[in-house]
Amino acid sequence: KSIDDPGSSILVECKYHDPKHKGTVSASEVNDFAATVLRLRSSGDISSGYMITNTDFSGTSKGAFIDRPEEKFVFLRTLSELRRNLVNLDNYLNRWITKYSQERVSEQYEPLYAHKKNTNKNIDVIQLLSSFVDESPHPLLVITGDYGTGKTTACHQFTYLQAKKVIAGQQGRIPIFIPLKWYNQCGNAIALLQRFLDEEGFRRTGVDALLSLHAAGNLVFIFDGFDEMLRRSTKDMRRETLQDIAEL
């Protein structure tokens with residue numbers, strides 16, 4: 001049943017491919033589905049059809065309905081696209097891109113390098129962050145350094161570049177930048193995420209939607225300013241707050 005129009009029905013067909021084999025939905029599969037949708041529309045059984053895949057559609061299948069009547073009632077979606085529509089973060093990403101590009105640091109940013117242990121190699125921290133997000137099996141990366149070494153600036157730069165990548169339609173996790181100074185008012189990690197949603201104008205959106213996107217691998221949380229989390233700090237309190245954040 002259609003959520004927008006309870007009186008109508010939608011046909012949904014799902015295509016699963018093993019991600020390791022990088023399979024895509026072919027044009028013939030899309031055209032066969034369109035023919036089924038057209039037949040069921042003619043009989044009044046459905047109003048539209050959605051074909052959904054966990055991988056992607058081939059180049060020819062993506063353009064199969066251009067300038068054809070079917071493009072008004074046959075829709076092709078990836079599972080990733082559907083999940084992202086749970087919370088449309090495009091406006092947030094565009095605001096971040098615009099704001100950062102107007103700052104002086106966007107033109108004067110100097111790469112921050114990390115020294116790879118037991119080697120003579122230095123690695124650009126932005127490159128390190130990108131590799132971590134795209135390839136690392138580990139869920140958490142912690143950047144430490146003295147005051148003024150460039151941790152926040154590097155995180156801003158990475159958020160900006162990742163946002164541009166996502167807006168351009170490239171595959172990648174959506175960056176969610178959260179200042180940890182909010183933790184003082186929130187008290188826990190879940191409330192911290194709700195504060196982010198409220199600040200960005202998603203007041204009617206619950207944290208569950210954001211966590212669903214995250215569980216599906218669509219987000220990367222960037223928490224900045226661990227030293228600003230607590231009004232007063234002890235070793236035990238720091239451990240507890242880091243564990244709270246790390247559970248995300």
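Contact here means heavy atoms within 4.5 Å. Helices (H or I, at least four residues) and strands (E, at least two) are DSSP runs, numbered from the N terminus. The model is predicted: local features need pLDDT of at least 70, side-chain atom pairs count only at pLDDT 80 or more, and totals for chains, interfaces and linings use all residues. Residues are numbered from 1 along each chain as its sequence is written, and side-chain values use heavy atoms, with hydrogens and water left out.

**Stop 1: the sheet**

Select β1, β3 and β5. These three strands form an open sheet in the order β1-β3-β5, with parallel pairing. Two strands pair if DSSP finds at least two bridges between them. The edges are β1 (10-15) and β5 (74-78), each pairing on one side only. From one strand to the next, the twist averages 20 degrees. Now pick β3 (residues 48-53): five bridges join β3 to β5 in the parallel sense.

α1 lies across β1, β3 and β5, and runs at about 155 degrees to β3. Axes are lines fitted to C-alpha atoms, for helices over the stretch in contact, and angles run from 0 to 180 degrees between N-to-C directions.

**Stop 2: a helix pair**

Select α9 (residues 189-199) and α10 (residues 207-215). They pack at an angle of about 100 degrees, their axes 9 Å apart. α9 and α10 are therefore roughly perpendicular (65 to 115 degrees). Show side chains: I190, L193, Q194, F196 and L197 of α9 meet V207, L210 and L211 of α10. By class, this contact has seven nonpolar, one polar and no charged residues. Ala, Val, Leu, Ile, Met, Phe, Trp, Tyr, Cys and Pro count as nonpolar, Asp, Glu, Lys and Arg as charged, and the others, Gly among them, as polar.

**Stop 3: a pocket**

A pocket is an open set of points on a 1 Å grid over the protein atoms alone, where a 1.4 Å probe fits, with protein on both sides within 12 Å along at least five of seven lines; lining residues have an atom within 4 Å of a point. Select S80, E81, R84, V166 and G169, the closest to its centre of the 17 lining residues. Elements giving two or more residues are α3 (79-84), α4 (90-101) and α7 (151-167). α3 gives the most, with three. The lining divides into six nonpolar, seven polar and four charged residues.

Technical notes
Angles under 35 degrees count as roughly parallel, over 145 as roughly antiparallel, 65 to 115 as roughly perpendicular and the rest as oblique.
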